Amino acid sequence: MFQTLVNIEGRRNRIWKAILQQDFSEARALELGQALLNHYFAKAAAIRDAGSFCTSQEIYRSGFEKVFQEHRLNFDCHEAVDILFAEHRLSDLYADTGPFLQKISEAYQVCIVSDTDTLMLPDFYKEYPIKLFTSEDYGSYKNDGLNRMFAEVIAYYGVQPGEILHIGDSASDVLGAARAGIRSCWINRTGSAWKYAGQPPDYTVGNLEEIYAILEPGVHTADVCLTELG
């Protein structure tokens with residue numbers, strides 16, 4: 001979802017303005033936002049490695065608590081999570097998202113697979129015939145050892161893994177899909193270099209419009225999964 005279909009970057013300042021209030025600055029928001037993400041990814045990785053599960057709400061609450069302690073901020077971490085979730089739900093769609101969903105949903109079965117809680121997601125997808133899979137619903141992450149998220153997708157559609165194309169912006173999207181035998185498409189909107197160990201993406205695109213060429217006749221895809229690491 002995030003950074004694949006919608007852009008959360010435009011909401012960062014709003015999140016930290018509500019928290020920092022008169023002490024807000026863009027530089028401060030960038031610093032604290034990065035610190036929060038670092039805590040989030042470290043916590044999520046530790047949980048995956050332990051074969052356990054926590055919701056995004058729980059992980060972010062822990063992250064806010066640590067950031068507030070480290071930077072001596074007096075703000076309720078539960079309220080901070082509420083603010084963050086609300087701003088995520090207001091994230092703007094990329095310009096190519098609406099036309100892309102409209103076109104492919106007419107020809108393919110489409111689902112969104114997101115490593116987050118349902119409450120965090122914008123609800124624009126309800127305007128399309130799209131099935132939603134979230135980590136919260138299945139108690140699993142896309143890149144965990146059990147691969148339950150992708151197993152659920154495969155079972156739901158009753159197809160072979162190779163008939164599914166999974167599109168996402170993160171390493172979890174690519175590596176988790178590959179482990180399940182699903183072909184992956186990395187949407188790299190920032191022009192970054194692939195720097196992760198393991199199988200690289202089967203396809204790389206800079207935007208959603210470039211995916212049309214992958215879906216042309218001769219490239220066999222029964223289902224298309226659209227997602228992001230929330």
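**Close-up views of a predicted model**

**View 1. Helix α2 passes helix α3 in a right-handed crossing.** The structure shown here and in the views below is a predicted model. Helix α2 covers residues 26-49 and helix α3 covers residues 56-70. Their axes come within 9 Å and cross at roughly 130°. Helices α2 and α3 are therefore oblique to each other. On the α2 side, the contact is made by Leu 32, Ala 35, Leu 36, Leu 37, His 39, Tyr 40, Lys 43, Ala 44 and Ile 47. On the α3 side, Ser 56, Ile 59, Tyr 60, Ser 62, Gly 63, Phe 64, Lys 66, Val 67 and Glu 70 take part. Sorted by class, the contact of α2 with α3 holds 11 nonpolar, 4 polar and 3 charged residues.

**View 2. Helices α3 and α4 make a right-handed crossing.** The axes of α3 and α4 come within 9 Å, with a crossing angle of roughly 120°. Helix α3 contributes Ser 56, Gln 57, Tyr 60, Arg 61, Phe 64, Glu 65 and Phe 68 to the contact. Helix α4 contributes Cys 77, His 78, Ala 80, Val 81, Leu 84 and Phe 85. The contact of α3 with α4 divides into 8 nonpolar, 3 polar and 2 charged residues.

**View 3. Helices α1 and α2 cross at roughly 100°.** The axes of these two helices, α1 and α2, come within 9 Å. Angles of 65 to 115 degrees count as roughly perpendicular, and α1 and α2 are therefore roughly perpendicular to each other. From α1, the residues in contact are Arg 12, Asn 13, Trp 16 and Leu 20. They meet Glu 26, Arg 28, Ala 29, Leu 30, Leu 32, Gly 33 and Leu 36 in α2. In the contact of α1 with α2 there are 6 nonpolar, 2 polar and 3 charged residues.

**View 4. The largest pocket has a volume of about 1,100 Å³.** Its lining is made up of 40 residues, and those closest to the pocket centre are Gln 3, Glu 9, Leu 37, Phe 41 and Asp 169. Several elements each supply at least two residues of the lining: α1 (12-20), α2, α4 (77-89), α8 (171-179) and β6 (183-187). The largest share, 11 residues, comes from α2. By class, the lining of the largest pocket has 21 nonpolar, 11 polar and 8 charged residues.

**View 5. Gln 21 has a positive phi.** Most residues other than glycine have a negative phi. In Gln 21, which is not glycine, phi is near 55°. Gln 21 sits in the loop between α1 and α2, the helices whose axes cross at roughly 100°.

**View 6. Asn 147 has a positive phi.** The phi value of Asn 147 is near 55°, and this residue is also something other than glycine. Asn 147 is placed in the loop between α6 (135-138) and α7 (148-157).

Conventions. Residues numbered from 1 in each chain as written. Predicted model: local features only at pLDDT ≥ 70, side-chain atom pairs only at ≥ 80, totals over all residues. Heavy atoms only, no water. Axes fitted to C-alpha atoms, helices over the stretch in contact; angles between N-to-C directions. Helix = DSSP H or I, 4+ residues; strand = E, 2+ residues; numbered from the N terminus. Parallel < 35°, antiparallel > 145°, perpendicular 65-115°, else oblique. Left-handed = near helix turned anticlockwise from the far one by under 90°. Contact = heavy atoms within 4.5 Å. Nonpolar A, V, L, I, M, F, W, Y, C, P; charged D, E, K, R; others polar. 1 Å grid on protein atoms, 1.4 Å probe; cavity = no way out; pocket = protein on both sides within 12 Å on 5 of 7 lines; lining within 4 Å. Points joined across faces, edges and corners; volume = space filled by probe spheres on them.
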